[in-house]
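Visitor: I would like to go through this model step by step, beginning with the whole chain and ending with single residues. Could you guide me?

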Amino acid sequence: MKHKIFSRFKRGEASLSIPQLRTHLVIGHSGHRNVFEDQQKKIQESISFKLKQIRDNSQRPCLLLTGLAEGADKLAVRAALELGIEVAILLGKDEQENKKELENLYGTSMNAYQVKGEKDQLFANQADLIIRHSRHILLAWDGIQNNLLGGPSYIFKQVHYHNKADKQTCLHQLMTPRESSPFASRAAGMGRNKVIVGNAELSWVESAEPFKKPLNIQEWFSAKFSWNLVAKLNKYESLFLQAILPAFLLLLTIIAGYNGFKDYQACVIGKDDKKALLDAMDYFFKAVNLSSMGTSVLGEYVECSNRALNLARISGAMLFTYAFMLAFLKLTGSNLNRFWILVWRVKFASYKLRHILFSMEMKKKGAFDTIIGLSEQSHYLALDLIKNHRKVIIIDEEGSAVHKTTCQQAGAIIFGSKPTLDRVFEKAKVKDSDSIYVFSDEDTKNARNLQHVDRYLLRKGKKRKPRLFVHVSGVSERHFLQNTTSITMETFQVNENISRKLLREYPIDRDADTHYKRTGSTAKDIKAIILGFSPLAEKMCLHIAGNSHFHKSLPLSITIYHEEEEFERVRDFKARFTCFYENGAGYDTNTFARAIQREVFLPDGKSLINFEVLPKGEYSVLHDGFSLYSQLKKGSIVTIYNCMENAVKGASFTHNILPMLNYLKKQNQFSLEVFCFCNLPDLQEIDMIEEKLNTQADSIAVYCFGNYIKACSYQAIHQNHLDRFTRRHALWFHHTSEDKISMDDTKKMWIMRGMASIDIEAAAYWANMQENLKDANRAAADHIFVKLRRAGVKPTDGLLTISEKLYEIENQLAEMEHSRWCAQKIIEGFAPLCDLDNYHQAKVEWLSEEALKKMYQSLRLHLNLVPYKSLEKDESIKDNQLITGIPFILNLQSRERIK
């Protein structure tokens with residue numbers, strides 16, 4: 001029996017006879033009933049703001065299509081009527097009185113449509129009507145998916161997961177907590193392209209959802225008969241060799257044989273009139289017999305042979321031989337491909353043809369990218385570049401045959417790395433690339449390939465060198481490679497980008513003060529629980545430890561449950577990062593080092609990171625005292641990250657523990673979110689897993705993250721979205737601290753020049769910045785959002801509001817920034833330059849001699865690695881300048897976005 005959530009929407013039963021649906025821009029709405037009473041005014045103001053924004057950007061009049069239940073629906077109708085927007089009501093049972101009340105209150109009439117159905121089916125029909133007719137859909141909900149028909153969760157699933165919309169639909173999700181789930185305020189469905197603004201309570205999250213668009217004749221013809229012969233040859237090569245070529249030979253044999261035998265018979269009768277005249281059927285069957293060479297020998301009248309008959313005899317012999325070879329290979333398997341000489345020749349010819357066509361296209365178009373190394377991650381990059389109409393060359397180093405075939409079928413040209421890389425670079429015209437991506441599985445290979453690329457480009461000496469991107473895992477390795485190459489390069493790391501994006505969009509502190517004030521308790525601590533200790537889990541752990549510095553009343557703890565086979569990785573991690581543990585090496589003698597460690601990583605005297613072994617077997621996980629459950633207490637803000645490398649295993653484990661987590665959350669009333677790493681190669685499969693996991697817990701929001709299709713895309717590697725704010729922050733710090741321009745003069749200069757000009761300068765300044773400084777600016781920019789949440793403001797708030805809130809706690813935020821900076825330096829391996837007794841003497845040396853300062857930094861020693869109270873005033877001013885500049889940059893960014 002089909003599950004009720006997948007019940008199909010019958011279009012014949014869901015059609016409205018409202019004339020405005022054709023002439024107006026329809027805005028659908030659905031929301032929760034049991035919203036908090038003290039938030040109703042804010043919810044109405046937020047909906048009013050979004051309706052006004054959509055109306056002002058539309059050339060057509062707007063129409064709100066919604067139900068009229070108590071709660072968010074009624075607030076949306078009020079907001080629309082106050083703005084003068086027409087309203088069409090989808091009436092359910094017992095909603096007629098609400099309609100009359102609002103009509104009397106605002107002195108207007110509203111179109112109404114009585115939805116048919118009983119209870120749940122009525123809600124489903126109501127939701128289906130909203131989906132069908134709306135171009136924009138507003139969802140005022142908590143982001144937690146359930147298994148009910150109708151309502152915002154049902155609409156979200158139908159549009160986001162099942163693509164039931166008939167047109168391009170924009171989802172606008174207003175993060176609205178309700179009485180049954182006071183801690184939920186996140187956007188669901190993070191697999192799509194969303195524009196995350198604040199992702200906080202009562203903030204809007206936008207997403208453009210996919211839909212099934214019918215192709216017109218021109219689009220259908222372009223899709224079917226594209227001139228991209230490179231992709232077509234790759235895609236249909238197997239079909240051509242096994243079906244089209246034999247069919248062509250058979251057809252040629254029959255047509256040429258028919259005409260040839262007809263002329264042959266006429267010639268024979270002319271020589272011997274006693275020969276009987278054949279009919280047309282005889283000519284046809286004689287031609288068919290040529291395919292088995294049954295009539296290929298002509299006998300005594302060879303002189304009557306003609307060109308058509310000879311062509312048919314030859315093609316018939318070729319068809320017979322080719323068919324025999326195909327049958328022989330099918331019986332014996334594919335290991336005898338080396339004997340398939342004819343097929344090899346055809347493959348070789350088609351491969352050469354692809355190279356010729358690609359060379360012609362490169363001369364014509366001129367823009368292409370080169371990827372050095374073929375792996376699971378780099379082949380996703382190649383596919384994304386091709387999808388964005390880029391020409392791609394891949395230099396393969398014995399990569400997977402599956403990835404090679406996939407890239408070839410998509411239209412990429414692949415070169416082998418033999419005999420030498422320099423000769424391959426010359427053959428592939430790497431010097432003419434727009435961008436070069438050094439993207440193998442191992443850092444050692446990437447370092448070696450980078451050296452080859454460096455020497456090759458230097459030898460060519462072109463003025464315009466391609467942009468160079470190198471995949472490097474470790475921070476130290478990045479700095480080393482940058483110092484050993486003569487060309488400018490940009491480094492990236494997929495796992496680091498995944499963890500950074502996740503923590504930026506879904507922070508673990510998530511508005512602690514506003515969450516717990518409704519339950520009468522206060523937030524006591526923040527807990528991050530990581531399941532599995534994969535390389536991604538290590539990056540997540542370091543990002544959380546380095547960038548999650550909150551106010552002291554909310555201590556942070558990180559618990560990692562690792563599998564037994566990951567024990568070596570755990571031991572290596574503990575040896576490298578002793579700063580996370582009491583009495584770690586190097587922190588027992590130096591006064592400053594011990595004070596910083598306690599201030600940054602051990603505020604409550606306990607180890608920041610704790611490791612435990614993950615239990616095996618479902619019984620041990622569910623019934624045998626799994627210590628994870630003991631951490632889920634009232635007053636805690638808990639985030640669980642399942643980072644197991646095997647996506648199916650991780651999803652299965654999450655699926656098993658969700659019912660227990662759901663039960664404990666309802667019992668203890670704490671804030672909980674669950675994230676599950678899922679790198680399956682199909683986004684629809686990931687959506688199905690995410691939907692299934694959410695049905696396991698009706699009070700918990702579960703998200704799948706880390707898909708390589710998105711994480712290895714062009715946008716993710718270039719980090720255009722994540723680093724846009726970072727580049728502006730770096731330029732702001734450069735103007736105010738390094739160029740010694742005052743804060744007021746910097747603001748005036750930015751306003752006069754405009755953000756377009758500022759972004760150009762920021763991009764140029766960023767391109768020439770060293771990798772260690774880029775890392776520092778990324779960490780500082782990401783932590784700005786932590787400071788905003790600490791001050792109780794959102795990035796979309798006005799300039800005055802943000803300025804006032806930040807000014808009230810400016811010194812606390814400056815201390816937070818110094819703690820964050822110290823944490824980053826300690827994780828990178830830095831230590832205090834001196835102890836408390838000789839601090840002033842060390843300061844004189846640090847400031848007086850630039851060469852001595854650089855030497856200390858190369859030794860991973862820094863003067864300012866001291867507690868905030870001991871920091872010199874000249875240095876603490878830099879932290880205050882950063883806090884003062886936050887609202888100015890954010891206000892520019894938010895104004896630009898609203899346009």
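Visitor: What is the accessible surface of the protein chain, and what share of that surface belongs to carbon and sulfur atoms?
Guide: Please keep in mind that this is a predicted model, so the areas are computed from its atoms. The accessible surface of the protein chain comes to about 42600 Å², and the share that belongs to carbon and sulfur atoms is 54%.

Visitor: How many helices and strands does the chain have, and what percentage of its residues is buried?
Guide: The protein chain has 36 helices and 22 strands. Of its 899 residues, the buried ones make up 53%.

Visitor: Are the helices α20 and α21 roughly parallel or roughly antiparallel to each other?
Guide: Helix α20 covers residues 535-547 and helix α21 covers residues 567-576, and their axes come within 12 Å and cross at roughly 30°. Angles under 35 degrees count as roughly parallel. The two helices, α20 and α21, are therefore roughly parallel to each other.

Visitor: Which residues make the contact between α20 and α21, and how many of them are nonpolar, polar and charged?
Guide: From α20 the contact takes in P535, E538, C541 and L542, while α21 contributes R569, F573 and R576. By class, the contact of α20 with α21 has four nonpolar, no polar and three charged residues.

Visitor: Is N768 buried or exposed?
Guide: N768 is found in the loop between α30 (755-767) and α31 (771-791). Although N768 and E490 are 278 residues apart along the chain, their C-alpha atoms are separated by 9.6 Å. The relative accessibility of N768 is 67%, and a residue over 50% has the class asked for, so N768 counts as exposed.

Visitor: Is N864 buried or exposed?
Guide: N864 has its place in the loop between β22 (861-862) and α36 (873-898). Leaving aside neighbours within four places in sequence, N864 is in contact with H818, W821, C822, L871 and E875. Its relative accessibility is 8%, and the cut-off is under 20%, so N864 counts as buried.

Visitor: What is the phi of R860, and which accessibility class does R860 have?
Guide: R860 lies in the loop between α35 (850-858) and β22. R860 is not a glycine, yet its phi is positive, at about 60°. With 27% relative accessibility, R860 counts as partly exposed.

Visitor: Where is K429 found, and what is its phi?
Guide: K429 is found in the loop between α15 (421-427) and β12 (435-438), and at 37% relative accessibility K429 counts as partly exposed. K429 is a residue other than glycine with a positive phi, and that value is near 55°.

Technical notes. Residues numbered from 1 in each chain as written. Predicted model: local features only at pLDDT ≥ 70, side-chain atom pairs only at ≥ 80, totals over all residues. Heavy atoms only, no water. Axes fitted to C-alpha atoms, helices over the stretch in contact; angles between N-to-C directions. Helix = DSSP H or I, 4+ residues; strand = E, 2+ residues; numbered from the N terminus. Parallel < 35°, antiparallel > 145°, perpendicular 65-115°, else oblique. Contact = heavy atoms within 4.5 Å. Nonpolar A, V, L, I, M, F, W, Y, C, P; charged D, E, K, R; others polar. Buried < 20%, exposed > 50% of the residue type's maximum accessible area, 1.4 Å probe, protein only. Areas by Shrake-Rupley, 256 points an atom, 1.4 Å probe, with all protein chains shown as cover.
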